[in-house]
Amino acid sequence: SMKILPVTASKEEIRELVIAWNELLAQEKYTEALEMFLLDEKNELDWTPELLESAVYTYGVPGYTREEAEREFGSADYKVTSILENPDKDKIIESIDISSDYGWMGKNDIAVIHYDNVPLNGEMSDLTARFFVRKINDDEITLAFIDLHVM
């Protein structure tokens, strides 16, 4: 179910949502991860649990089956792993960047999150997840998932 925070939430609390999202991916709970937040409607892709999973195992090229990715890239065994169990935990959490100087935010968006270094197979990667921090009313915010890709 959708995760909602008060509009007064701190950056730490917002980061906690991203961490929780990562931990669901680490458990391969793609449906639950997508259900945590809104989907940004301007997305190029209509994100589904299958697409999200394929963005992970291909290292950021969603839309391939595992078999196609094996043939195309030689490997399709990437998996998101836990931030909380990662030796670089603090560095990963610090790299969840929340900023609000982007011209492409929608009128209800108050910030953009760039979460670089999504841990794959236990190591920091170049995979980046992007979200908007979006007001759903005057008092509450949630995140809107943009994409998961290599910048």
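Trainee: Which backbone nitrogen does the side chain of D109 reach, and at how many Å?

Mentor: The side chain of D109 gets to the backbone nitrogen of G106, at 2.7 Å. Keep in mind that this is a predicted model.

Trainee: And what makes the pairing of D109 with R134 a polar contact?

Mentor: The cut-off for N or O atoms is 3.5 Å, with one atom able to donate a hydrogen and the other able to accept it. The side chains of D109 and R134 meet at 2.6 Å, which is within 3.5 Å, so the pair is called a polar contact.

Trainee: Where is D109 found, and is this residue buried or exposed?

Mentor: D109 sits in strand β4. Its relative accessibility is 7%, and buried means under 20%, so D109 counts as buried. Skipping neighbours within four places in sequence, D109 is in contact with F132, V133 and R134.

Trainee: How do you know whether V118 is buried or exposed?

Mentor: Try the cut-off again: V118 has a relative accessible area of 1%, and under 20% means buried, so V118 is buried. You'll find V118 in the loop between β4 and β5.

Trainee: What does V118 touch there?

Mentor: Leaving out residues up to four places away in sequence, V118 touches N22, V80, E123, M124, S125, L127, A129 and L148.

Trainee: How many Å separate the C-alpha atoms of V118 and V133?

Mentor: They are 19 Å apart, for two residues 15 places apart along the chain.

Trainee: Which residues touch the most other members of the largest nonpolar core?

Mentor: Those are W21, L52, I113, Y115 and L148, out of 39 residues in that core. Helix α1 gives the largest share, 8 residues. Take I113: its contacts include I14, V18, I98, F131 and L143.

Trainee: Why would nonpolar side chains be found together like that?

Mentor: In soluble globular proteins, they tend to be buried together.

Trainee: What other core is there?

Mentor: A second, separate core has 5 residues, among them V112, F132, A144 and I146.

Trainee: What about the largest pocket: how much space lies in it, and which residues are closest to its centre?

Mentor: The space is about 250 Å³. Of its 14 lining residues, N43, E44, R130, I146 and D147 are the closest to the centre. Strands β7 and β8 are the elements giving two or more residues to the lining, and β8 has the largest share, with 4 residues.

Trainee: How do the lining residues divide by type?

Mentor: The lining of the largest pocket has 7 nonpolar, 2 polar and 5 charged residues.

Methods. Residues numbered from 1 in each chain as written. Predicted model: local features only at pLDDT ≥ 70, side-chain atom pairs only at ≥ 80, totals over all residues. Heavy atoms only, no water. Core = buried A, V, L, I, M, F, W, Y, C linked by side-chain atoms within 4.5 Å. Buried < 20%, exposed > 50% of the residue type's maximum accessible area, 1.4 Å probe, protein only. Contact = heavy atoms within 4.5 Å. 1 Å grid on protein atoms, 1.4 Å probe; cavity = no way out; pocket = protein on both sides within 12 Å on 5 of 7 lines; lining within 4 Å. Points joined across faces, edges and corners; volume = space filled by probe spheres on them. Nonpolar A, V, L, I, M, F, W, Y, C, P; charged D, E, K, R; others polar.
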